[in-house]
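Here are my notes on the structure below, written for someone who has not seen it before. Please read them with the model open.

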Amino acid sequence: PTVEWEKKNGDIAYIKMHNFIGNIDAEYRRTAREIIAGNTKKIILDLRDNPGGFLDSAIEVASYFTQKGELVAIEDFGNGHQRNEFRSEGYRYFDKTPMVVLINEGSASASEILAGALKDTRSVTLVGEKTFGKGSVQEVVDLAQGTALKVTVARWLTPSGRSIQDAGIEPDVIVEMTAENKDQGKDPQLDKALEIIRNIK
C-alpha cells in the first residue's frame with residue numbers, strides 16, 4: 001500500500017505515506033474516512049523515505065489539511081515573472097486538526113512540496129532531518145537516433161517562496177536516526193513527534 005495508518009495513544013492517527021504514485025488519491029481518501037470514523041483528534045504524518053511522485057497527488061493530499069484556495073506550491077521559471085501557482089481544493093477533513101510531520105533525507109520531490117506547504121500555510125512542526133532537496137521541474141526533449149535530453153526548466157518553491165532544490169526542507173526540531181537506533185528497533189524521531197503532538201491543544 002502507498003498509505004498506511006494506525007492509532008497511537010488512543011486518539012492520535014499515525015499516517016505513513018510511502019510515495020505519491022499509483023492509486024494514492026483513492027487510497028488516501030479511504031484512509032481519511034477511516035481516520036474520521038476512528039474518532040482521532042490529532043495526526044502525525046510520516047513522510048520519511050518518501051521519494052515523491054506525482055505533483056497532482058501532493059496537491060490532492062494537501063487539500064485534506066488546508067482550506068480551499070491556500071497556496072500549496074509555486075512553479076518558478078526563473079525569468080522574473082513567469083510562474084504557476086497550485087492551490088488547495090479545500091477538502092478540509094483535517095484543516096484544523098493538530099498535527100506534526102516527520103521528514104528525513106529520504107523525503108524528496110512531492111513529499112517535500114507537501115511538507116513545505118504544511119509548514120508555510122499552517123505552521124505545522126516538522127520533526128527529523130533535512131530533506132533531500134529535489135525541487136526541479138524537468139522536461140524531456142527527444143533527439144535523433146533514439147536519444148533524448150532531460151532539461152531543467154523550473155524550480156519548485158514553497159508557498160512562502162523558498163526554493164526546495166538543493167536546499168531541501170529544514171525540520172523545526174532536529175532528531176537524528178542512527179544505525180544503532182534502527183538495529184535496536186528504536187525510533188527517536190517518532191518518539192519526539194508523539195511528545196510534541198501530546199502537548200498541542
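1. Buried residues account for 48% of the 201 residues in the protein. The model is a predicted one.

2. The protein has 5 helices and 10 strands. Its C-alpha atoms fill a box of roughly 60 × 40 × 30 Å along the principal axes. A compact globule of 201 residues would have a radius of gyration near 17 Å, and the protein agrees because its value is 17 Å.

3. Of the contacts between residues at least 6 apart in sequence, 71% join residues at least 24 apart.

4. Helix H2, residues 55-65, is mostly covered, with 10 of its 11 residues buried. Among them are Leu 55, Ile 59, Glu 60, Tyr 64 and Phe 65.

5. The largest nonpolar core holds 38 residues, and Met 17, Tyr 28, Leu 45, Phe 65 and Val 101 have the most contacts inside it. Elements that each supply at least two residues of this core include strand S2 (12-17), helix H1 (24-37), H2 and strand S9 (148-157). H2 gives the largest share, 7 residues.

6. Leaving aside neighbours within four places in sequence, Val 101 touches residues including Leu 45, Leu 47, Ala 115, Leu 118 and Val 127. A second, separate core has 12 residues, including Ile 12, Leu 102, Val 175 and Leu 190.

Key: Residues are numbered from 1 along each chain as its sequence is written. This is a predicted model: local features need pLDDT of at least 70, side-chain atom pairs count only at pLDDT 80 or more; totals for chains, interfaces and linings use all residues. Side-chain values use heavy atoms; hydrogens and water are left out. Helices (H or I, at least four residues) and strands (E, at least two) are DSSP runs, numbered from the N terminus. The radius of gyration is taken over C-alpha atoms; the globule rule is 2.2 Å times the number of residues to the power 0.38. Buried means under 20% relative accessible area, exposed over 50%, partly exposed in between (1.4 Å probe, protein chains only). Contact means heavy atoms within 4.5 Å. A nonpolar core is a set of buried Ala, Val, Leu, Ile, Met, Phe, Trp, Tyr and Cys residues joined through side-chain atoms within 4.5 Å.
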